Amino acid sequence: MAIRELDKIPTKALMARITAELEGLIVTDADGRYIYVNHRWSSLTGYTLDQVKGRYVRDIVRNSRVDEVLKSQKFVSGDAVLLNICTNEEVPVYCSYTPLFHDGEIEGCFVYMIPKSEHTSMTIPPNVVTLMEALNQQLLMVQSHSTAVNPLDHIIGTSPEILKMKHEIVCAARSSSTVYIEGETGSGKELVAHAIHELSPRQNHRLVKVNCAAIPLELLESEFFGYVDGAFTGARRSGQVGKFEIANGGSLFLDEISQMPLTLQPKLLRVLQEREIERIGSSTIIPIDTRIISATNVPLEQLVQKCKFRSDLYYRLNVIRIRIPPLRERREDIPMLIDHLIKKLNFQLNLQIPGITPEAVKRLMEYDWPGNVRELQNVLERAMNLAWFEMLEWKYFSDYFNHPMYPISESPAVPAILPESSTLRRRTGAAERDILIQTLQECQGNKALAARKLGISRTILYRKLHIYDLI
Ligand SMILES: Nc1ncnc2c1ncn2[C@@H]1O[C@H](COP(=O)(O)OP(=O)(O)OP(=O)(O)O)[C@@H](O)[C@H]1O
Ligand SMILES: [Mg+2]
């Protein structure tokens with residue numbers, strides 16, 4: 001059956017068909033967290049979907065290569081792995097890992113396994129490959145529709161700035177005009193773009209994302225407009241559909257629009273004016289009804305002044321402008337965000353951190369958060385791993401703010417930041433890294449043994465290996 005026909009099969013049914021074809025099977029998100037495991041995997045391991053959903057695979061399965069596959073975005077086949085099961089025993093299995101893509105972005109990983117004794121061949125049957133490709137195309141939809149809540153509920157905050165922004169999102173969703181989102185890094189631009197699309201009448205069509213900074217300049221034009229067979233050397237024989245067409249009826253999210261090359265800007269302007277495209281190598285005009293949502297953390301006005309961005313395109317993009325206030329301009333949202341993020345991370349990391357002390361909240365509110373909500377989330381995740389099951393006290397955060405690698409607040413209200421402690425932190429960090437390397441060598445890479453020797457849990461060991469880039 002062709003993928004296009006499979007497109008019409010509901011995702012659940014697709015999942016069921018793939019499940020029926022294979023043995024143990026899991027699907028992760030782009031961060032390597034479980035979003036799906038099949039019954040056979042549950043029977044094999046003793047873990048149910050509810051027990052693992054949202055947790056990192058690396059915290060459950062030793063030697064899992066999910067993180068590596070998400071990073072390299074390359075298929076790995078027939079890898080021998082010891083699968084930890086809930087009784088602490090290890091079952092030898094063969095694993096195959098397939099990166100899942102959506103519109104060119106890594107969306108997750110598809111892993112299936114076969115008990116080692118039963119099979120030797122790891123070739124995925126062609127019918128399953130077709131099913132998997134169809135699943136790739138639907139995965140994003142599953143994730144975005146799995147929680148039927150108001151998309152505005154994902155945006156945490158009750159400050160006047162956030163309430164104003166939520167109102168602007170609702171107004172933008174009602175219209176079909178072009179939206180321009182401006183906000184510092186980690187402030188929630190992607191979250192806002194999703195909310196606009198999901199609240200709009202276009203919600204049943206695709207929201208297609210193009211990161212203008214991530215695609216090589218020479219490929220950007222074909223990414224946008226597609227091409228026909230023989231359009232240029234190296235072009236696929238079947239041609240390619242461009243993102244504007246894929247997003248027809250839906251929305252096209254142009255992330256990091258400031259990186260749009262000057263040579264391509266007139267072409268984008270033309271599409272916005274004429275509402276039609278031509279694939280490269282073709283003179284057939286294709287009408288398109290795609291709503292453009294663009295985002296940037298570099299204000300385009302500045303680039304226009306420096307002649308790095310066309311003013312006519314800027315005015316076309318900037319019809320509805322939404323500015324996301326940086327976190328330091330809405331510090332009153334920080335306690336609420338902290339509560340929300342602790343709950344979210346407790347679930348994802350399978351921790352039970354009971355909360356945070358008022359002193360720690362107070363001090364976190366004093367920091368300027370140049371990396372905004374993303375930085376806050378990372379800092380909390382780090383502290384939660386240090387605190388393990390305890391209440392989050394300031395002591396679990398202080399080393400972050402003392403670490404020379406991290407941006408340090410100018411705020412005089414955080415006095416613990418001293419150059420001496422930065423040096424100390426760097427030296428203790430280097431010593432810890434050396435100890436980890438040495439212990440792993442002594443244990444011949446056996447992480448369970450290394451964790452035991454170091455007197456820490458395997459989860460903490462994995463976290464540390466990640467922090468020090470040893471995995
Ligand atoms: N108001 C908010 N409420 C809850 N979570 C938020 C909020 N703002 C941002 N986040 C979370 O912070 C992280 C970063 O958000 P997002 O990716 O949307 O930022 P961004 O502005 O697109 O960042 P970048 O400039 O790096 O692309 C995400 O995990 C997002 O869910
Ligand atoms: Mg973003």
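Biologist: What makes up the largest nonpolar core in this model?

Modeller: Keep in mind that the model is predicted. The largest nonpolar core has 31 residues. Those with the most contacts inside it are Ile 338, Ile 356, Trp 369, Leu 380, Leu 392, Phe 397 and Phe 401. Helix 14 (334-349), helix 15 (358-366), helix 16 (372-387) and helix 17 (395-402) each supply at least two residues of this core. Another core, of 29 residues, lies apart from it, with Leu 220, Leu 252, Leu 303 and Phe 309 among its members.

Biologist: Which residues of helix 15 are buried, and how do you know that they sit on the same side?

Modeller: The buried ones are Ala 360, Val 361, Arg 363 and Leu 364. Around the axis they cover an arc of only 165 degrees, so they are on the same side of helix 15. The face turned away from that buried side carries two exposed residues, Pro 358 and Lys 362. What covers the buried residues of helix 15 includes helix 14 and helix 17.

Biologist: Why is the pair of Trp 369 and Phe 401 called edge-to-face?

Modeller: Two cut-offs settle that: the ring centres must lie within 6.5 Å, and the planes must be over 60 degrees apart. Trp 369 and Phe 401 come out at 6.2 Å centre to centre, with 75 degrees between the planes. Both tests are passed, so the pair is edge-to-face. Trp 369 lies in the loop between helix 15 and helix 16 and Phe 401 in helix 17, so the pair ties together parts that are 32 residues apart in sequence. Trp 369 and Phe 401 are both buried. They also belong to one aromatic cluster, together with Tyr 367, Trp 394, Phe 397 and Tyr 400.

Biologist: How many aromatic pairs are there in the whole structure, and what makes Trp 41 and Tyr 47 a stacked one?

Modeller: A search of the whole structure finds 14 aromatic pairs. For Trp 41 and Tyr 47 the ring centres are 6.3 Å apart and the planes are at 25 degrees. Stacked calls for planes under 30 degrees apart, so this pair is stacked.

Biologist: Why does Tyr 47 count as buried?

Modeller: The cut-off is under 20% relative accessible area. Tyr 47 has 18% relative accessibility, so Tyr 47 counts as buried.

Biologist: Where does Tyr 47 lie, and what is it in contact with?

Modeller: Tyr 47 lies in the loop between helix 3 (39-45) and helix 4 (49-52). Leaving aside neighbours within four places in sequence, Tyr 47 is in contact with Trp 41, Ser 42, Val 52, Ile 60, Asn 84, Ile 85 and Cys 86. Cys 86 is 39 residues from Tyr 47 along the chain, yet their C-alpha atoms are separated by 6.3 Å.

Biologist: What puts Arg 58 over the face of Tyr 56?

Modeller: Arg 58 is at 4.1 Å from the ring centre, and the distance cut-off is within 6 Å.

Biologist: How do you know that strand 6 and strand 14 pair?

Modeller: At least two bridges are needed. Four bridges join strand 6 (residues 179-182) to strand 14, and the two run parallel. Val 179 stands opposite Ile 320 in strand 14.

Biologist: Which residues are on the covered face of strand 14, and which on the uncovered one?

Modeller: Ile 320 and Ile 322 are on the covered face, whereas Arg 321 and Arg 323 are on the uncovered one. In a regular strand the side chains alternate between the two faces of the sheet.

Notes. Residues numbered from 1 in each chain as written. Chains lettered and ligands numbered in written order. Predicted model: local features only at pLDDT ≥ 70, side-chain atom pairs only at ≥ 80, totals over all residues. Heavy atoms only, no water. Core = buried A, V, L, I, M, F, W, Y, C linked by side-chain atoms within 4.5 Å. Buried < 20%, exposed > 50% of the residue type's maximum accessible area, 1.4 Å probe, protein only. Contact = heavy atoms within 4.5 Å. Phe/Tyr/Trp six-rings, centres within 6.5 Å; stacked < 30°, edge-to-face > 60°. Lys NZ or Arg CZ within 6 Å of the ring centre and 35° of its normal. Arc of directions from axis to C-beta.
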